[in-house]
Amino acid sequence: MINIHDHLLTTLAEQIGQHKKILVGFSGGLDSTVLLHLLVRLRAQSHQLNSERMVLRAIHIHHGLNAKADLWGEHCRQACADWQVDFRIEKVTLDTCQNGIEAAARSARYHAFQHELQQDEVLITAQHLDDQAETFLLALKRGSGPAGLSSMPSRMPFAGTTLIRPLLNVSRAELEEYAQAQNLQWVEDDSNQDDRYDRNFLRLNIMPLLNQRWPHFPQAVSRSASLCGEQEQLLDELLKESLNELVTLEGSISISPLENSSEAKRNALLRRWLNQCGVKMPAREQLQRIWSEVALARQDAEPRFRLGQYDIRRYRQQLWLVPQYQNLAGSILEWDIQQKLMLPNGLGTLSLSQENGIKVRMPNGNEQAAIRFGVQGNISIVGRQHSRHSKKLWQELGVAPWLRERTPLLYYNEKLIAALGVFITKEGQSLSDDERVFVQWKKINF
């Protein structure tokens, strides 16, 4: 009969497969301590078999939320030293404005993991069977559909590589048994006893009752999560061709074909479009509002719907996912054109060039160059006989509303000379090579 120790080691080896470069999320708690210890044993085993040596690294995320956080970091450092595992500690700052402390801590952790991962390295984390059951119930509480109820996959793409959760079918009781048999030491986070947090409330108050009534409840929940995951995978396959036809090269999604779809199919396609964009799945109510308030808004409107750190906007009968940019309207930057100018909000830099960029006339001796944002009024541009109102002009030139607000406008005193990368006004036209300059805009985050 295979004992728990051999079973865990075999399970881990099967999950990892041929991967030899591994980064472990190591909190120092029971779960990640058992995981790291198993990986150290697996590394020794591969060495004994003269196979390719496993390169094992551990990262500890210091959230700064607990007075004992420094001690936990040192505990992890010492454990890794004892086991000859390369160790890194990463201090993070939490942004709790969006979804509270639990979500902010998770977001900060995975951002740090993404930043630390090296080429050809996989990330391994220690979530287990009981964690999976809690995640399922939290999704149920939020009213999630099959995508949310599928909870945590054992393997998923992450940051250009793979995230593996090899312990999802192992209970916390089995991990405790292993740790005690191996005389492992781990840290206990006292905040885990605070049932104000949703996950702790489930773990402390609900799961014990469910397990008492139905001893195999976590295994049943895990099966349900797997079935939901299979259903979502099937939908992904069935809708892939339709989605590819709807999504443009720029990443927007066409509205007109969606009008002829059922609400269920439309919502499924919109969810998959947003998932491709890396956005957290919206609730059904949010999808309904995106459709009614943005996609179906009156034609002369410029609607938007805020979704996390993005806006859903409509332009040319397409839905676009746009980051929430800083409002630059009214900003004025004086510019000595002989010097490079750093633009605000990550827009890049402006400088003069010998031959690249937009060609405009030199400023006169009494003219001061400046960059502004947000133009209003009638504009006469090179190549057009008559002036046009700025809104009409932007529309004719195919510039989306959110990009109009971020396009640097070159002024000499109060005269608009050019919208960089878009048009030159008649006031800015260069009449001779001796009186012209090239203004080059190197974009970073446009």
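This is a predicted model: local features need pLDDT of at least 70, side-chain atom pairs count only at pLDDT 80 or more; totals for chains, interfaces and linings use all residues.

Reader: Why is Leu30 called buried?

Author: Its relative accessibility is 4%. Buried means under 20%, so Leu30 counts as buried. Leu30 sits in helix α2. Among its contacts beyond four places in sequence are Arg172, Leu175 and Trp186.

Reader: And what makes Asp31 buried or exposed?

Author: The value for Asp31 is 17%. The cut-off is under 20%, so Asp31 counts as buried. Asp31 is also in helix α2. It touches Arg172 and Leu175, among others. UniProt, in an unreviewed entry, includes Leu30 and Asp31 in a "binding site" feature.

Reader: Why is the Arg199 and Glu134 pair called a salt bridge?

Author: The closest N and O atoms are 3.2 Å apart. The rule asks for a side-chain nitrogen within 4 Å of a carboxyl oxygen, so the pair of Arg199 and Glu134 qualifies. Arg199 lies in helix α8 and Glu134 in helix α5, so the bridge ties together parts 65 residues apart in sequence.

Reader: What makes Arg57 and Glu121 a salt bridge?

Author: Their closest N and O atoms are 2.8 Å apart. The limit is 4 Å, so Arg57 and Glu121 pass. The two are 64 residues apart, with Arg57 in strand β2. Both are buried. They belong to a salt-bridge network that also includes Arg88, Glu90 and Glu116.

Key. Residues are numbered from 1 along each chain as its sequence is written. Side-chain values use heavy atoms; hydrogens and water are left out. UniProt positions are given in the numbering used here, feature names are shortened, and annotations may be inferred rather than shown by experiment. Helices (H or I, at least four residues) and strands (E, at least two) are DSSP runs, numbered from the N terminus. Buried means under 20% relative accessible area, exposed over 50%, partly exposed in between (1.4 Å probe, protein chains only). Contact means heavy atoms within 4.5 Å.
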